[in-house]
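Welcome! Please take a look at the sequence and the 3D structure below before reading on.

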Amino acid sequence: MADEINYKRIKMKSGLEIHQQLNTERKLFCNCSTAMAKRETIMEVQRKLHPVASELGEVDMAAQYEYLRDRIFNYQVFRGESCLVELDEEPPHDLNRRALHTALQIALLLNCEIPEEVHIMRKTVIDGSNTTGFQRTAIVGMNGYLRYKGKKIEIAQVCLEEDAAAIVEQGEHTATYRLNRLGVPLVEISTGVMQGFSPEDVQEIAYLIGIIVRSVEKVKHGIGSIRQDLNVSIRNGPRVEIKGIQELGILAKVVKKEVERQMSLPKMKHETRAVNVDGTTYFTRPLPGSARMYPETDVKSITITKEYIKGIRADLPEPLTKKLTRFKSKFKLSNDLAAQVINSKYLELFEKIVKNRRLDASVVANTFVSTLKDLRRRERVDIRQLESRHFIDLFNKLAKKVIVKEAIPDILKYLAKDPKSSVSAAVSELNLEVMKTSDLIRMVQALAKENPDLNKDKIIGVVMSRVRGRVNSEDVVRIVKRFRKK
Amino acid sequence: MPCFLILRLPLFLVFGGQLYSPEIEKLLKQKKVKIGSRVRITKGRGSYGGILMPQTDLGNPNSIVLKLDNGYNIGVAYDKKLKLRKLKGGKKVRFRPSRLTIRPDPTKPMVSMLGCGGTIASRIEYTTGAVFPVFSPNDLLLSFPQLKDIANLRGHKLFDLLSEDITLEHWQVIANETAKAIDKGADGVVLMHGTDTMHYTAAALSFMLQGLPVPVVLVGSQRSSDRGSSDNAMNLTCAVTAAAKADIAQVMVCMHASINDDYCHLHAGTKVRKMHTSRRDAFKSVNVLPYAKVSYIEKPGSIEYLREDFNRRNGGRLVVDDKINSNVALVYTHPNIKPEFIDSLRAYDGVVIAGTGLGHMPTNPSSDNLAKSILPSLKSLIAIGIPVVIAPQTIFGRLNMNVYTTGRMLNEIGVIGNGCDWTPETALVKLMWVLGHTKEPNRVRDMMLKNYVGEISERTDTR
């Protein structure tokens, strides 16, 4: 039934909020590192939050009081990555100018108007993810747009804000957060209301925004560095917000499932939902009214001069959207694969490696996009150990046909465990030298002779298990077919 | 709606002034636009609708601050081409007091809450961020409903001041108002006070309120009250608990004991000092243990006593002895301090000098060519009847002026303080109070060295 939905007819409206961490050396309001590399906490601090004034008046105060009464928040402290500012024990320092510069670059790439004066605001948050009870945020761009399939997609606003602390664990009355993410500069891009698009369009627009954002130098790459919130509503229905989608590739699915869910319900409320791995969502809390914000009086407002903007504009990087088009046409990569390569931190390395014409770019792209992800997720391989030279060496050997592409995962796994080793050592250690075609033919021939009852697929299975990682699977299929027709 | 700013006035206007340039003020007047009005500003390509905000006092007075519909503020620089139009809507920025009615519970103690600073109990108006200093027990209860489970509250605001502007005259007002509240049957008094000089006030009240029958608790907060993380909730809860229940009839300071929101310490008013610019556990007891800790998370409201040497609640008669002399100076000695500077202190009725180490100042006993002694200058101060008191600039530890020649020389000329472990601030306040009673040198010396309210500890505890 999902395929039958006519998204135009049900008047699906959607909106995106894309959050991108910036890769400045220091945080937005203090001099802590943004590396988030430390593993050991040096201390834990215990805090409570109490109700704060609200537009909703005394009733909401009472509700907040009930919610917060027995709730305790624990904050993990990491050396060099959090200080008294994150602990709400010291007022914020001046706004990080490097982060402002990067945010303004992004705003300009998205064709925004830049305010003449940037005012830092406090946005109330009482789930404990901000030690202060609010998030510092400022608008740096408004009324922008980007082009998609000949249409203008409105960019309502671009904000520069501090990232929240990351949740470590959540109990019934307690929650533990990591402070090293708190205060990392974050750019939030909000689209206007989008109507007349399919779920796939929404996903592509999200990719497009991500790619434009990553055109500037100081943005972070990798897991959790870009996150999406999604708003969806259908015909006269209320708006539902789905938060924290880290995987762009499931966005279309999330939209579809949410539309199906909304269509199946007779009555609905405005609410906020979070996303499951499979793209379905669950209820988290009623959607707050218009965000309650008031001025951050500890930080001076910043005047943005015309000369300053002129300077940034003159030095604006070329948007990666051009690269996306080139990857699709020249390397025949699919839109998703091309977008994922551009969004990955291996973009530069990818471009260097595919200069070698003998390599199939989609194999290289898939290695960086899927193979590494599988190794990390399924086999818990620490892929951060892998260095550029490992990949360069690996793809050199592939181009020279010393190895086949099927050997890539095992070699990478080996190198991640022993980064000082080399590709050659991995190949000989794991016995992954490519098998000569004549040897493969002889092996298939013998197998076919000894096992007259086995069909084609069974033989392929046996061969693959014996020579895994040493032959091209296409070659095995081709050769087996020569000796066994059925 | 409501919230309390205990302590700091954010660097923001308190309603009234808008901090805009005359050109902008003129334009606003002409268009009959006020703070809180809905307006549309058009300038060049840009056109922005929103609510007119006041300019912050750190902001550029020549740009107009607008709160957009998405809640964000932006500034639009004023120039002649800027067009401003008043729209319908918007709202008047004003303070609405709480309409709570709470019946007193006769089984609960009565705690009197006195506001000693303008922003001690303030509410923020969230549209503009304007701060309204307010004070009434009902407004307090709106933000901190837990307080009604501890005690019946009454009280009022004494004055609107940042703590750095508090003077000796304010101490006298606080002392007398505290006595009045106790006379009217309060089982304890909570004084909400800015933190910067809270330890000076605590020391002054300790000397002024003699024969105290109930606890007097000073409390403040290090984080503004608009935020959910403000330490005001825990500090106030613990302070009201202490005033209602603690069996300590002393002047105390109740503040966070650590950077966790777990418990507060009750510090002796004469032995406490603000030791950090910003942390919530800025207040520390110096050279002694705090009287007690008041729990907030585990066994909330329970009081654990850490010492025994304090006065218990009693039926005695409180005497306010608020005579005090403001003409006293507190100075630091330092390398190359000039004898002429010490000479200039003749204008005062008394001088406290924060000495180095065990109680030293440059006296040049080895007759070095480069060193300069201030001993003759000190001597002539004392000779004309100006008491010179010494306190440790190390803050922690006890003076001992018998160990080095310098100390012995200072002791010999009559510098007061050998063997004392008071903080420079407590020494200052005590000298002010003593000089309010007498200027006779021997009497001053005797009173300074007499231990009135634990300002000099008999022994230094190993923690």
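Here is a short briefing on some strands and cysteines.

This is a predicted model, in which local features need pLDDT of at least 70, side-chain atom pairs count only at pLDDT 80 or more, and totals for chains, interfaces and linings use all residues. Residues are numbered from 1 along each chain as its sequence is written, chains are lettered from A and ligands numbered from 1 in the order in which they are written, and side-chain values use heavy atoms, with hydrogens and water left out.

**An enclosed strand in chain A**

- Strands are DSSP runs of E with at least two residues, numbered from the N terminus.
- Strand β10 of chain A covers residues 185–191, and seven of its seven residues are buried, so the strand is largely enclosed by the rest of the structure.
- Here, buried means under 20% relative accessible area, exposed means over 50%, and partly exposed lies in between (1.4 Å probe, protein chains only).
- Pro185(A), Val187(A), Ile189(A) and Thr191(A) point one way from β10(A), while Leu186(A), Glu188(A) and Ser190(A) point the other way, and all are buried.

**Partners of that strand**

- Strands of a sheet pair through backbone hydrogen bonds, either parallel or antiparallel.
- Two strands count as paired if DSSP finds at least two bridges between them.
- Strand β1 (residues 13–21) of chain A runs antiparallel to β10(A), joined to it by five bridges; Ile18(A) stands opposite Ile189(A) in β10(A).
- Strand β7 (residues 151–162) of chain A also pairs with β10(A) in the antiparallel sense, over seven bridges, and Leu160(A) has Val187(A) in β10(A) as its bridge partner.

**A parallel sheet in chain B**

- In chain B, three strands form an open sheet in the order β20-β21-β22, with parallel pairing.
- Its edge strands are β20 (328–332) and β22 (388–392) of chain B, and each pairs on one side only.
- β20(B) pairs with strand β21 (residues 350–355) of chain B in the parallel sense over five bridges; the bridge partner of Val331(B) in β21(B) is Ile353(B).

**Cysteines**

- A disulfide is a covalent bond between the sulfur atoms of two cysteines.
- The cut-off used here is a pair of cysteine sulfur atoms within 2.5 Å, and the count comes to zero disulfides over all chains.
- Cys83(A) counts as partly exposed because its relative accessibility is 27%.
- Cys264(B) is in no disulfide either, and the nearest cysteine sulfur, that of Cys238(B), is 3.7 Å away.
- Cys264(B) is buried, with a relative accessible area of 0%.

Methods
Helix = DSSP H or I, 4+ residues; strand = E, 2+ residues; numbered from the N terminus.
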